[in-house]
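Here is a short briefing on one structure. Please look over the sequence and the model before reading on.

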Amino acid sequence: MESATVSRPIRQAVIEKDRALFSRQPNLTDYAAVRANFDWSSARTMLDGLPGGQGLNIAHEAIDRHARGRRADRVALRWLGKAGARRELTYRDLQRATNRFANALSGLGVAAGEAVFVLLGRVPELYIAVLGALKAKCVASPLFSAFGPEPIATRLDIGAGKVLVTTEVLYRRKVEALRPRLPNLGQVILIDDGPPIAGTVRWSALMMAASEEFVIPSTGPEDMALLHFTSGTTGRPKGAIHVHEAVVTHHVTGLYALDLHDDDIFWCTADPGWVTGTSYGIIAPLTHGVTTLVVEEEFDAQTWYGVLAAERVTVWYTAPTAIRMMMKLGAEAVRGYDLGALRFMASVGEPLNPEAVVWGVEAFGQPFHDNWWQTETGGIMIANFLALPVKPGSMGLPLPGIDAAIVERTSDGGVRVIDEPMVQGELALKAGWPSMMRGYLHEEERFRKCFVGPWYLTGDLAKRDADGYFWFVGRADDVIKSSGHLIGPFEVESTLMEHPAVAEAGVIGKPDPMAGEIVKAFVALKPGYAESEGLRRELLGHARRHLGAAVAPKEIDFRANLPKTRSGKIMRRLLKARELGLPEGDISSLESDER
Amino acid sequence: MSEPIDKQTIIEILTSLAPEADFAALRGDEDLREALDLDSMDFMNFVIALHERSGIDIPESDYPKFRTLNGVSAYFTGQQR
């Protein structure tokens with residue numbers, strides 16, 4: 001464990017809240033009392049459970065229980081497509097569509113427990129496929145549509161994807177050539193219409209033939225529901241397993257961290273290909289029976305302001321990169337829009353810098369509320385709450401039901417809780433909340449390593465101040481956080497190494513004012529190859545073609561040799577320190593230095 | 001520093017960001033971000049490069065005009081007149 005660093009004094013003023021100004025009573029006002037009285041088994045009673053005591057299924061809580069009640073005709077999903085397209089699905093519509101999809105899966109011979117992958121932009125079919133798969137007790141795994149063929153193949157392979165729902169264009173561009181490598185992939189469903197393509201079926205034909213009546217079979221709370229991939233420093237991406245019981249956390253965090261009320265118009269800007277876009281872009285708003293907005297278009301500040309105003313968005317959950325881009329545009333750009341409906345703004349993905357939190361007040365009349373969680377935690381764990389003071393730059397306080405601590409690893413393999421305020425250590429959570437991952441698929445050893453005694457170790461370094469607020473410091477490993485997404489350096493290095501010119505590759509996260517970090521690669525060439533702008537572009541193109549824009553490096557530098565340990569491991573930490581002009585730290589293991 | 005931004009220059013900049021793309025197949029009215037698989041960082045770097053090459057200050061409120069090749073061309077034709 002690294003020794004405690006000098007803590008920077010907190011100079012940003014605390015943003016106090018005037019409770020008289022809230023347009024409605026926040027769901028959490030007395031933090032201490034709610035925490036003291038909270039337990040997860042009582043929280044479970046906020047949900048209905050399947051009729052007849054048949055268990056707990058996310059899709060029932062999200063759709064069916066509303067579709068038969070007073071919310072049946074309320075808009076569940078309001079979709080704003082590109083070029084002004086618009087489609088609304090009420091809870092009743094969503095029930096019928098997901099029933100059809102669940103029936104269609106059975107018709108295709110897909111069994112409970114099998115994995116249904118989705119590779120789509122933010123279109124209604126994505127939401128129908130994920131929720132329909134959950135009804136059929138399949139495991140739903142949405143993939144980011146900007147992934148290139150390699151990340152797609154790896155994830156389909158690890159998850160043994162039985163079904164893939166995608167578009168004809170994405171299929172042709174990224175999947176078709178992979179089919180021989182994916183023997184498990186039995187069915188590819190294309191959501192658009194067109195002439196038959198071998199090895200695929202069309203969504204409309206399937207849906208038309210399927211009944212809109214479906215009864216969710218008995219579902220155990222520990223039955224696997226979702227598979228979300230995340231990246232580690234080494235090895236292949238990890239498939240974090242989440243179960244149907246996770247919905248309890250989704251609901252509780254929607255209540256307390258996002259302050260969802262019955263009449264809210266909620267907009268989570270994250271793509272469901274990342275865990276935020278599933279937990280909060282699909283599940284939590286629906287379990288609360290509110291109207292959730294889906295915007296297909298990628299980020300554009302003015303388009304977003306237009307959406308916030310025109311759709312009367314009340315609760316908005318977005319990400320630091322977008323907020324920083326809006327900041328660049330300036331607060332004046334917000335002025336022309338009537339954002340009177342907007343009553344709560346939250347952010348997640350990476351620490352939101354204090355300036356951006358405060359800029360929220362300048363531009364929107366309220367701060368952005370940063371919160372913290374990760375793929376493995378399944379839901380928000382630490383948050384700045386609507387009714388509580390915000391300390392800009394802090395991730396906030398643990399949710400009710402969540403015990404968080406700063407720990408350090410001890411020499412005997414255990415951990416020691418650090419009680420002194422503002423001392424850096426690893427952020428740990430007491431295991432046992434409902435949306436905690438139940439495993440990394442086929443990676444028991446990597447899963448077990450995350451736990452020591454009662455603690456789940458997050459891999460994030462943080463501090464806690466005397467008031468109990470947590471402050472993010474950095475990652476304990478080499479994982480890169482770019483625009484809120486975790487990128488494993490190994491996945492990028494492996495792809496670069498596949499190029500015939502590359503002898504060695506080392507990939508780091510380079511700090512960036514917009515994205516937090518960008519992926520930067522250092523490569524050493526094989527004999528016979530000389531560095532040139534042409535080769536740099538060829539490598540960039542190679543990486544982009546295989547990995548997609550979201551994962552491929554933004555910068556590639558050539559080196560004659562990369563710094564390595566005795567065992568030949570590339571020292572990313574050293575590459576990074578040198579890139580940033582920081583002290584090199586302990587280099588006793590350095591055997592072969594950079595040239 | 002300040003050179004006219006013609007279609008060739010635009011393609012040159014885009015090639016440095018997405019060297020793998022098939023520019024021969026790129027239509028003038030296609031959404032660049034979609035057709036070339038540009039993420040928001042790539043797009044920002046695109047605009048920064050246009051600014052550096054042209055010497056023209058590009059307010060961010062003009063970014064939406066840069067979604068297509070035609071849009072970018074028209075923007076600079078207008079500026080340079």
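The centres of domain 2 and domain 3 of chain A, taken over C-alpha atoms, lie 28 Å apart. The model is predicted.

**Domains**
- Chain A is assigned domain 1 at 38–298, domain 2 at 403–475 and domain 3 at 480–592.

**Strand β27(A) and its partners**
- Strand β27(A) spans residues 516–525. It is mostly covered, with 9 of its 10 residues buried.
- Strand β26(A), residues 502–512, runs antiparallel to β27(A). The two are joined by 10 bridges.
- Within this pairing, P511(A) stands opposite E517(A) of β27(A).
- The link from β26(A) to β27(A) is a hairpin of 3 residues.
- Strand β28(A), residues 555–559, pairs with β27(A) in the parallel sense. This pairing has 5 bridges.
- A521(A) has I556(A) in β28(A) as its bridge partner.
- Between β27(A) and β28(A) the chain passes through helix α17(A), residues 533–547. This β-α-β crossover is right-handed.

**Side chains in strands**
- In a regular strand, side chains alternate between the two faces of the sheet.

**Helix α18(A)**
- Helix α18(A) covers residues 572–580. Its buried residues are R572(A), L574(A), L575(A) and K576(A).
- These buried residues pack against α16 (489–497), β26, β27 and β30 (590–592) of chain A.
- G581(A) follows the helix. Its phi is positive, near 70°.

**Contact with chain B**
- On the chain A side, 24 residues are in contact with 16 residues of chain B.
- Three elements of chain A give two or more residues each to this side: α11 (301–310), α12 (320–329) and α17.
- The largest share comes from α17(A), with 6 residues. Helix α17(A) also carries the crossover from β27(A) to β28(A).
- By class, the chain A side has 11 nonpolar, 5 polar and 8 charged residues.

Terms used: Residues are numbered from 1 along each chain as its sequence is written. Chains are lettered from A and ligands numbered from 1 in the order in which they are written. This is a predicted model: local features need pLDDT of at least 70, side-chain atom pairs count only at pLDDT 80 or more; totals for chains, interfaces and linings use all residues. Domain bounds come from an automatic or database domain assignment. A residue is buried if 20 or more other C-beta atoms lie within 10 Å of its own, exposed if 12 or fewer, and partly exposed in between; C-beta atoms are placed from the backbone. Helices (H or I, at least four residues) and strands (E, at least two) are DSSP runs, numbered from the N terminus. Two strands pair if DSSP finds at least two bridges between them. A crossover is right-handed if, with the strands pointing away from the viewer, the path from the first strand over the helix to the second runs clockwise. Two residues are in contact if their C-beta atoms, placed from the backbone, lie within 7 Å. Ala, Val, Leu, Ile, Met, Phe, Trp, Tyr, Cys and Pro count as nonpolar, Asp, Glu, Lys and Arg as charged, and the others, Gly among them, as polar.
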